[in-house]
Amino acid sequence: MSSNDVTLTTPDHSVSLPLVEGTQGPSCVDVAPLYRETGHFTFDPGFAATAACKSAITFIDGEKGVLLYRGYPIEQLAEKSRFLEVAYLLLEGELPTPAQMHTFEDKVTHHTMMHESVKNFLHGFHYDAHPMAMLCASVASLSAFYHDTNDNADPAQRKLAAIRLIAKMPTLAAAAYRYSIGWPIRYPRNNLEYVDRFLHMMFEVPSEPLELNPVAAKALDLLFILHADHEQNASTSTVRLVGSTGANPYASVAAGIAALWGPAHGGANEAVLKMLTEIGDAKNIGKAVARAKDKNSGFRLMGFGHRVYKNFDPRAKIIRGMAHEVLDELGVDDPLLDIAMKLEEVALKDDYFIEHKLYPNVDFYSGIIYKALKIPTSMFTVMFAIARTAGWISHWIEQHEMPGGRIGRPRQVYVGATPRAFVALDKR
Ligand code: CMC
């Protein structure tokens, strides 16, 4: 037993459990010997106190409101970097040299096209299908197009899948949107940069030229940086759990998209805008806050609270600051921004929100910016998915590179019937 071990004593056993230390953050008790030595499992619904893996990608200190990608503070990346550079950083672990950046950008640009058959696949959807449903299905369908390069054990094939996913996600996302509104699907213009290319595929119409607005592109790029990774959140953990079975990267990321869709996770940005629209006027804020505090109402303030941040979400701080700037520069006067600010002010002074340490999260202001960029509400979570793809696939690769990977397979506290004899149908 090392002096760092933790001793757990039950009425029948005493077991010594080693501590696992990272480079930062709390140490973890390795409970792997627990079942073998005591016959007990641990019980942690929602994994609130459980580290499921080791990772060197992203670090969060939720008490202090710190977020680092590969050691770099999110504030510095937001100010000085751009999304594709951040994607490289997440994937490779280091900031690229100019030559590495050039090669990476070239590769991503080379892989932006989607197979023509994906169009037919999208055409199978009903016209009013939610774009998240179409994105999830079309990303999963990529496994059917690239099964010849799906050897998870080959580092080059893993990297190729990462490039393909980062490159094709905007193409698939824009195609899903355009199909849903009956516009012709656009091919990616590879003379444009990543974000401009996406905006072009979203908004270009055959009947008139599209003037791309640099303010919009810069704002979207910044939002993509802020959403690119967030350590073991629900969707990333889903990607890892699916990945742990040996599933291919496209299927793993499609599972991540499905997990992201829920309103407790990435779906919150869409839900925030709906909530602000329903509040409709600053005079209704008191009622909304009272409802959010009433456990019987089933209503929560969307865009508030976070499992890890018990302080301001650093991403929310950055987005809050940029919301004014972007709306001013685009000449948009959105009353929802005033309602959001008033709501934040009221909630932050309210005893319930103070006691529960509920602060605005990344999704609280992002929808207002997407709206100013003319991104439709149903596409908000899709925007999140485009950005988070860089994180998901970085985690999927890390999981395959790290030795000792095992299938993710939690246990349970069984609360069902104890053994009983089958009763024939005519005797029941
Ligand atoms: N409004 C009102 N009460 C809340 C809220 C909220 N938004 N969030 C948490 N609470 C209360 C909750 O009722 C509980 O109260 P009590 O202890 O008295 O029963 C307490 O705070 C803890 O809540 P929890 O559900 O146990 O906390 P969690 O860590 O499991 O959930 C959360 C975190 C983000 C799911 C939750 O805060 C929430 O539902 N927020 C609204 C949805 C949202 O904005 N999600 C986006 C999260 S950030 C981006 C992302 O992950 O995609």
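Student: Which side-chain polar atom lies 3.1 Å from the backbone nitrogen of His-40?

Tutor: That atom belongs to the side chain of Thr-38. Please keep in mind that this is a predicted model.

Student: Which backbone oxygen does the side chain of Thr-38 reach?

Tutor: The side chain of Thr-38 reaches the backbone oxygen of Leu-34, at 2.6 Å. Thr-38 itself is found in helix H1.

Student: Is Thr-38 buried or exposed?

Tutor: Thr-38 counts as buried, because its relative accessibility is 9% and the limit for buried is under 20%.

Student: Moving on to the backbone. Which residue has a positive phi of about 50°?

Tutor: That is Phe-47, which is not a glycine. Phe-47 is placed in the loop between helix H1 (32-38) and strand S5 (58-61). Its relative accessibility is 55%, so Phe-47 counts as exposed.

Student: And which residue has a positive phi of about 70°?

Tutor: Lys-374 has that value, and it is not a glycine either. Lys-374 sits in the loop between helix H17 (363-372) and H18. With 63% relative accessibility, Lys-374 counts as exposed.

Student: Now the ligand. How many residues are around it, and which come nearest?

Tutor: There are 22 residues around the ligand, and those that come nearest are His-265, Leu-301, Gly-303, Arg-307 and His-356.

Student: What is the shell made of, by class?

Tutor: The shell around the ligand consists of 11 nonpolar, 7 polar and 4 charged residues.

Student: Which polar side-chain atom lies 2.8 Å from an oxygen atom of the ligand?

Tutor: It is one from His-356. A polar side-chain atom of Asn-361 lies 2.9 Å from a ligand oxygen atom. The backbone contributes as well: a polar backbone atom of Gly-266 is 3.3 Å from an oxygen atom of the ligand.

Student: How much of the ligand does the protein bury?

Tutor: The protein buries 74% of the 940 Å² that the ligand exposes when taken alone.

Student: Let us turn to charges. How many salt bridges does the structure hold?

Tutor: The structure holds 16 salt bridges. In general terms, side chains of opposite charge can pair when their charged atoms come close.

Student: Which side chain meets that of Arg-82 in a salt bridge?

Tutor: The side chain of Glu-105 does, with an N to O distance of 2.7 Å. This pair links distant parts of the chain: Arg-82 is in the loop between helix H2 (74-80) and helix H3 (83-92), Glu-105 is in helix H4 (residues 98-110), and the two are 23 residues apart.

Student: What about the accessibility of Arg-82?

Tutor: Arg-82 is partly exposed, with a relative accessible area of 28%. Glu-105, in contrast, counts as buried at 16% relative accessibility.

Student: With which residue does Arg-240 form a salt bridge?

Tutor: Arg-240 forms a salt bridge with Glu-398, and their closest N and O atoms are 2.5 Å apart. Arg-240 lies in helix H10 (residues 234-243) and Glu-398 in helix H18, so this pair ties together parts that are 158 residues apart in sequence.

Student: Is Arg-240 buried or exposed?

Tutor: Arg-240 counts as buried, at 9% relative accessibility.

Student: Which residue does Asp-281 meet in a salt bridge?

Tutor: The side chain of Asp-281 meets that of Lys-283, at 4.0 Å from N to O. Asp-281 counts as partly exposed, at 34% relative accessibility, whereas Lys-283 is exposed, with a relative accessible area of 66%.

Student: Which residues do salt bridges with shared partners join into one network?

Tutor: They join Arg-82, Glu-105 and Glu-193.

Student: Back to the surface. Which residues form a nonpolar patch there?

Tutor: Phe-43, Val-413 and Val-415 form a nonpolar patch on the surface, and together they have about 370 Å² of accessible area.

Student: Where is Val-415 placed?

Tutor: Val-415 is in the segment after helix H18 (380-401). Its relative accessibility is 74%, so Val-415 counts as exposed.

Student: One last topic: where is Ala-347 found?

Tutor: Ala-347 is found in helix H15 (residues 335-349). Ala-347 is buried, with a relative accessible area of 0%. Ala-347 and Phe-304 are 43 residues apart in sequence, and their C-alpha atoms are 9.2 Å apart in space.

How values were computed
Residues are numbered from 1 along each chain as its sequence is written. This is a predicted model: local features need pLDDT of at least 70, side-chain atom pairs count only at pLDDT 80 or more; totals for chains, interfaces and linings use all residues. Side-chain values use heavy atoms; hydrogens and water are left out. Patches are made of residues with over 30% relative accessible area and no salt bridge: like charges are joined within 9 Å, nonpolar side chains (Val, Leu, Ile, Met, Phe, Trp, Tyr) within 5 Å. Accessible areas come from the Shrake-Rupley method with a 1.4 Å probe; for residues, only the protein chains shown count as cover. Helices (H or I, at least four residues) and strands (E, at least two) are DSSP runs, numbered from the N terminus. Buried means under 20% relative accessible area, exposed over 50%, partly exposed in between (1.4 Å probe, protein chains only). A residue is near a molecule or strand if one of its heavy atoms lies within 4 Å of it. A polar contact is a pair of N or O atoms within 3.5 Å; within protein, one must be able to donate a hydrogen and the other to accept it, and residues adjacent in sequence count only if both atoms are side-chain atoms. Ala, Val, Leu, Ile, Met, Phe, Trp, Tyr, Cys and Pro count as nonpolar, Asp, Glu, Lys and Arg as charged, and the others, Gly among them, as polar.
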